[in-house]
Each structure stands twice: as structure tokens, then as C-alpha cells.
Amino acid sequence: MGKKQLVEWILEHQSGYEELARQIWERPETAYEESFASGLLGSVLEREGFRVRREIGGIPTAFVAEYGTGGPILGILGEYDALPGLSQKVSAVREPVTPDGPGHGCGHHLLGTAGVEAAVALKHRLDAEGLAGTIRYYGCPAEEVLSGKTFMAREGVFDDLAAALTWHPGSQNTPWSTPTSALTSVELHFRGRAAHAGGAPHLGRSALDAVELTNIGANYLREHVPDGSRIHYTITNGGVAPNIVPDAASVWYYLRGADRDAADALLARLLKIARGAALMTETEVSWDIKGGAYSLIVNHTLNALLTGQQHEAQPPVFSQEEQEFAASLAATLETSQREAALDKARKLGLAPGELLPAAFSEQTPAGGAASGGSTDLGDVSWITPVGQIITTCAPVGIQVHTWQATAAFGSSIGLKGMHYAARLIALAAYELLTDGGAVLTQAREEFRESTRGRRYAPAIPAEVRAPVPVYAGRRESG
Ligand SMILES: [Zn+2]
Ligand SMILES: [Zn+2]
């Protein structure tokens, strides 16, 4: 009975949440600058009677909002940051809203809003039925730079959760069943001595030489690391002009491994290479750790709980017009990608010409058992059991972080996937609150097995603060 009312409440109120998602999509903000989105979502929850705590982990755009009393405390995780350069209209031709501007190519405007929609729907059930338990929404910034949740976790805000539920926009309805890599983000800085590169090169000590030798060393390292490791870099400072021996140069690395230990081991080896490069070039090296995400632990119990709600949640029905828009987006893909998309759509049992799966299916990752990517959700998954699903918000074959994804996520396709996710999460949380603890016990047992008693410790050093723009001003003002 309660479940039926939960779904009805969401169906009745969905236009308000569409408006929220649309506003955030229209005002994309990148990592740590999401003041509009976090302000909007936080104020909606505050108006609904949630107790809102802002500026979590020293981040002005991070917040926690809770409703209810006592246990279990259930977390619903939301994100809202956009990606640089992915501005795009809801159109099947490349047409930025703002040239070179940011856009929601990962659909986080949907991700953040669905969680609020589910949390408020649950609040009404708590009130109506006098249920014990606390619903806590986490406004998590800066997922795209893989560190928002790490800074939040350092403040302990996830520690008392019984479990957390979340989702991600994608191109099928599926449990998120693949682990992600642990990651260390580190920037190396070399200091040398400037000199006239033509007139007195013997007096110079090139910091850029040290960067290049580090990269050569790292490229030799690749052969001798465990399978699944990833090493990638960009030179963030290569000096200013060819005729000046660069006295300062920097290179920014992402190091990924199967788990936290593997990523830490890669860092230790890269730092040896960097010290060697400094020795060779008579320069000095220092580094700063910018991020350190954990691998993601999949909780199959919670994922099954979420997917188990699929029929009660009422799967989305996509219109002919939406199918046509999906097909026109897929038509922009390069031939082999488009063929792969059509093949996948056939395997998912879609009718010819259709690219929007409404039914649930198993996750079909791009390749391999583990994802080469990383997410700061990994940190939360080492603190509490996390259930995560993906829903159809874009056509099969459209990858996140592309302009086509910005278009699909900004369309009614994305909004339908968002409401479906909200209903699935709300129903799953409701079951956790009303089943006498059976599923939570099982989920926590699985969590204990997966973590094997290892305790989470944030991988970002204690002295490193979140790189929020506001800090710069604060330091200047004393
Ligand atoms: Zn993303
Ligand atoms: Zn994302």
C-alpha cells in the first residue's frame, strides 16, 4: 500500500522536479563551482522540512539534508557538476548553447535532482505512516574531478549510514555491477635554473628536461605494473619560451589500480622515477596529491533490491518522437560505433529502429570485468554498503562525456530516466525502512565480506584542502 502511494506521489509531483533538473541543465557549473545547483536543491529540501547542513568538508557547494528520527539512517547520494566544453543544445547536430562552455554530458543535473525527488517522496511516507528511520540526502559536488566525496568522507559524514543508494544516467536500465579503479591524482613540480638557451645553456638546469625524463621513466614503467593499471599525464607547465631554459615545469598524473593499495604502489614507483629525473637534471622535485579515490565495491544485495522494484516503479514509456530523436543522435556516431549500438539494441531485444530500452538488463560494459574509470563514489562504498543502478536517459551507443549525451540528458528522454530512477530509489529505501531489517542485514554482511574488515582512510593527505575558488579569497583576506 505504502509503495503504491510512494509511486503516486512521485508521478503527481514530477513536473516540479523536471523544472529543477532543467534549470540546472541550463546553468551548467563545473566542479566546486556548483553554487546554483547546490543552492537550488538544498533550498527545496529545506522548504520540505529537511535539516540542511552546508559547507561539508570545507566545500561551500557540499551539503547534507536529513529528515526523520532514529535508525536506520539511509543515504541518498546526488551529484550536480557539469563538464567543461560540452555545452550543447537539445539537438542532433553539434550546436553549443555557449561556444566552449560547460555542459551536462554526464547527466548530473538528473542525478542530483532524482535523489531529491526520492528523498521528498519518502519524507511523505515517513510522516503518513509514522515510520522510524532517517532519510539523508547528500549533495556531493565535484564528482568529475573525483574528489568531492573524499573531502566529505574525511569529515565523517557517511560514517553512521546503514546503507546508501544512488544511480547514474546511462543508456540502459541496469544494476551497476562493475567495480571501478582506485585513482591517485598527483601533480609533480620541478624547479631548475633559468638561463639563456642560446647564449649560456651550460648555466641552465631545465625543469622541463626533468618532466620529460619522468614521462619516459613512467612509460617504461608501464610494462611492469599489474594488469588493469592505468597511467596518464598532461604537462601543465612546460616553460614559457624556447630561448629560456625553463626553471619551472610541472606534469599532472592520474594513476589507477585495481584497489587503493595498487594505486598507492604506483605512486611510490612514480615518485622514485621523478626523484631520479631530478637527480639527472640537477633540479628539485615536489608534488601535491590532488585526489585519491577508492575502487568501487559493488553491493549486489542492494543492487538486487533496486532492480527488484522495476515493475512497481512503472518503467518509462518512450514516445515515437523520443525514439526518432534517439535515432538521429545515434546517426551522428562514426560508422563502427553506430553499428555496435544497433547490435547492442538488438541484443537487448529492442524493436528495429528503437534505441531506448525501458526494461532492465544486465550491464554490458565497454570491455573487461572492471571499468578503467574511477569515481569518488568508491570512497563511500568502503564506508557503507552502496546500491547503484543506471537508467535509460540516452540512446544505446551514446557515451557519457560527449555532446550527444548533453543533448539526450537535456531532453525528455533524460527526464523520464530521472523519474524512473527516483521511483526505484524511493521504493528500495521504503523497503529498507519497512522490511524489519532483513535486506539491510544481508547488505551489511556482504559489505563486511567485501571489505574484509579493512577500515577506510582517506587517500588525500590531511593538510590538502578542497580546491574551492572561495579558499583563494579567504587566504588573501587573512
Ligand atoms: Zn562523468
Ligand atoms: Zn557521472
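**Pockets, cavities and a zinc site**

Q: Which elements each supply at least two residues of the lining of the second largest pocket?
A: Helix H4 and helix H13 (438–451) each give at least two residues to that lining. Helices (H or I, at least four residues) and strands (E, at least two) are DSSP runs numbered from the N terminus.

Q: What sort of model is this?
A: It is a predicted model, where local features need pLDDT of at least 70 and side-chain atom pairs 80 or more, while totals for chains, interfaces and linings use all residues. Residues count from 1 along each chain as written, chains are lettered from A and ligands numbered from 1 in written order, and side-chain values use heavy atoms, without hydrogens and water.

Q: Back to the pocket. What is its volume?
A: The second largest pocket has a volume of about 310 Å³. Of its 15 lining residues, Trp382, Ile383, Phe447, Arg455 and Tyr456 are the closest to its centre. A pocket is an open set of 1 Å grid points with protein on both sides within 12 Å along at least five of seven lines; lining residues have an atom within 4 Å of a point. Points join across faces, edges and corners, and volume is the space filled by probe spheres set on them.

Q: Which element gives the largest share of that lining?
A: Helix H13 does, with 4 residues.

Q: How does the lining of the second largest pocket split by class?
A: There are 6 nonpolar, 3 polar and 6 charged residues. Ala, Val, Leu, Ile, Met, Phe, Trp, Tyr, Cys and Pro count as nonpolar, Asp, Glu, Lys and Arg as charged, the others as polar.

Q: What lines the largest cavity?
A: Ala21, Arg22, Trp25, His109, Leu110, Phe409, Gly410, Ser411 and Leu415 line the largest cavity. Helix H1 (2–26), H3 and helix H11 (403–410) each give two or more of its lining residues, and the largest share, 3 residues, is from H1. The volume of the largest cavity is about 50 Å³, and its lining divides into 5 nonpolar, 3 polar and 1 charged.

Q: And which residues line the second largest cavity?
A: Trp176, Leu296, Ile297, Val298, Asn299, Asn303, Val386 and Gln388 do. The second largest cavity has a volume of about 30 Å³. Its lining holds 5 nonpolar, 3 polar and no charged residues.

Q: Now the metal. What are the protein donors of the zinc ion (ligand 1)?
A: They are Cys106 (SG), Glu144 (OE), Glu144 (OE) and His401 (NE2), 2.0 to 2.6 Å from the zinc ion (ligand 1). Donors are N, O and S atoms within 2.8 Å of the metal (3.2 Å for Na, K and Ca), with water not among the atoms.

Q: What does Cys106 bridge?
A: Cys106 bridges the zinc ion (ligand 1) and the zinc ion (ligand 2), and these two ions lie 3.1 Å apart. Cys106 sits in the loop between strand E3 (73–79) and helix H3 (108–129), and Glu144 in the loop between strand E4 (133–140) and helix H4 (148–154), so the pair ties together parts 38 residues apart in sequence.

Q: How are the donor residues of the zinc ion (ligand 1) spaced in sequence?
A: The spacing is C-x37-E-x256-H.

Q: Cys106 and Glu144: buried or exposed?
A: Cys106 is buried, and Glu144 is as well. Buried means under 20% relative accessible area, exposed over 50%, partly exposed in between (1.4 Å probe, protein chains only).

Q: Where is Arg260 placed?
A: Arg260 is in helix H6 (residues 260–281). Arg260 is buried, at 5% relative accessible area.

Notes. 1 Å grid on protein atoms, 1.4 Å probe; cavity = no way out; pocket = protein on both sides within 12 Å on 5 of 7 lines; lining within 4 Å.
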